[in-house]
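Hello,

Here is the structure you were going to look at. My notes on it follow below.

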Amino acid sequence: MASAEEAVDYEPEDDDLMDEDAAGDTSPQAPMPKLKSAITGGASTSLSGPKKTKGRGFRDDDADRHSRLASRDFESLGADGGPGPQRSIEGWIILVIGVHEEAQEDDLHNAFGEFGEIKNLHLNLDRRTGFVKGYALIEYEKFEEAKNAISAMDGAELLTQTMNVDWAFSNGPSTGAFKRKNMRSGRTHRSRSPRRRY
Amino acid sequence: MAAEEDGGEFYLRYYVGHKGKFGHEFLEFEFRPDGKLRYANNSNYKNDTMIRKEVFLTPAVLKECRRIISESEIMKEDDNNWPEPDRVGRQELEIVMGNEHISFTTSKIGSLVDVQSSKDPEGLRIFYYLVQDLKCFVFSLISLHFKIKPI
């Protein structure tokens, strides 16, 4: 019975409960893809069909590479229950795409300021052309403010160009498999089996 | 809404680093197919330790990342004429988009002069700017999500 639950519950990083040693992932539990890449966990099993491959990276094998991103000790802000957008350290962050290349910060303040005070705004430039890259990240303090901005501005125009607006961060994977985390939240703290003593 | 619906798989990994007096100093980030962004920055300079952060991105963010990559046309390039990684350092860029999988390695690029004087200035220039744009994107996401504003 336990194994059936394990099968349903499979999540790449939680697969090996015995392995508390973060650096020990060079002998992977998850199947290593035949292509020498650092795709860890279940990602390789979702690669459908053969891929056209290119590059020297397939020749060089670097054991380091596989262990660097396989470690479990990545900090994250805890999810406070349920799927959906995730709060950032001091507020709620939305992503705006389709931003006109000549837009300025003021244009965004004018368009988005009415929903609440903008705590943070990143309007990054294309490093080659100097024009706006095309996206903006805006932080509001309150969930309601961000939600209203999304509802009102998704599909709206700025400098005659249509923008789309959505949350930036979420509590769980985009494939919607996150529900399991809630049901088994204590799982990762299960203690090790005692060592055998001969 | 599954990420796969937006035209196939998506995975991106970028690494830049070197090994030296202060250990293995590197920056690495990874956009995984399930939407998780992982970021790591390591140095032993002044006995500093590794920074590791991760957060789930919404499909909207992944879509924008894909757009940045397809507009750069990096998938059409090849690294066979790019400088090999050396003692000064190495960069790795691995991308899966649709049915194409690239995994490029090269040395560190100091400036456009290094690009211009290489055997494939056109391709290397695309790589050079794409890496900068990706770093901008990732640094914004990570700092906005994790960093507290002073005062």
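A salt bridge here is a side-chain nitrogen of Lys or Arg within 4 Å of a carboxyl oxygen of Asp or Glu. Please keep in mind that the model is predicted.

Over all chains there are 20 salt bridges. One of them pairs Arg56(A) with Asp79(B), at 3.8 Å from N to O. This pair crosses between chains: Arg56(A) sits in the loop between strand 1 (52–54) and helix 2 (63–68) of chain A, and Asp79(B) in the loop between helix 1 and strand 5 (90–97) of chain B. Arg56(A) is buried at 3% relative accessible area, and Asp79(B) is buried at 0%.

Asp133(B) and Lys133(A) form another salt bridge, at 3.0 Å. Asp133(B) belongs to helix 3 of chain B and Lys133(A) to the loop between strand 3 (118–122) and strand 4 (135–140) of chain A, so this pair also joins two chains.

Within chain B, Arg13(B) meets Glu92(B) at 2.9 Å. Arg13(B) is in strand 1 and Glu92(B) in strand 5, so the bridge ties together parts 79 residues apart in sequence.

Helix 3 of chain B gives the largest share, 6 residues.

Regards

Note on methods: Residues are numbered from 1 along each chain as its sequence is written. Chains are lettered from A and ligands numbered from 1 in the order in which they are written. This is a predicted model: local features need pLDDT of at least 70, side-chain atom pairs count only at pLDDT 80 or more; totals for chains, interfaces and linings use all residues. Side-chain values use heavy atoms; hydrogens and water are left out. Helices (H or I, at least four residues) and strands (E, at least two) are DSSP runs, numbered from the N terminus. Buried means under 20% relative accessible area, exposed over 50%, partly exposed in between (1.4 Å probe, protein chains only).
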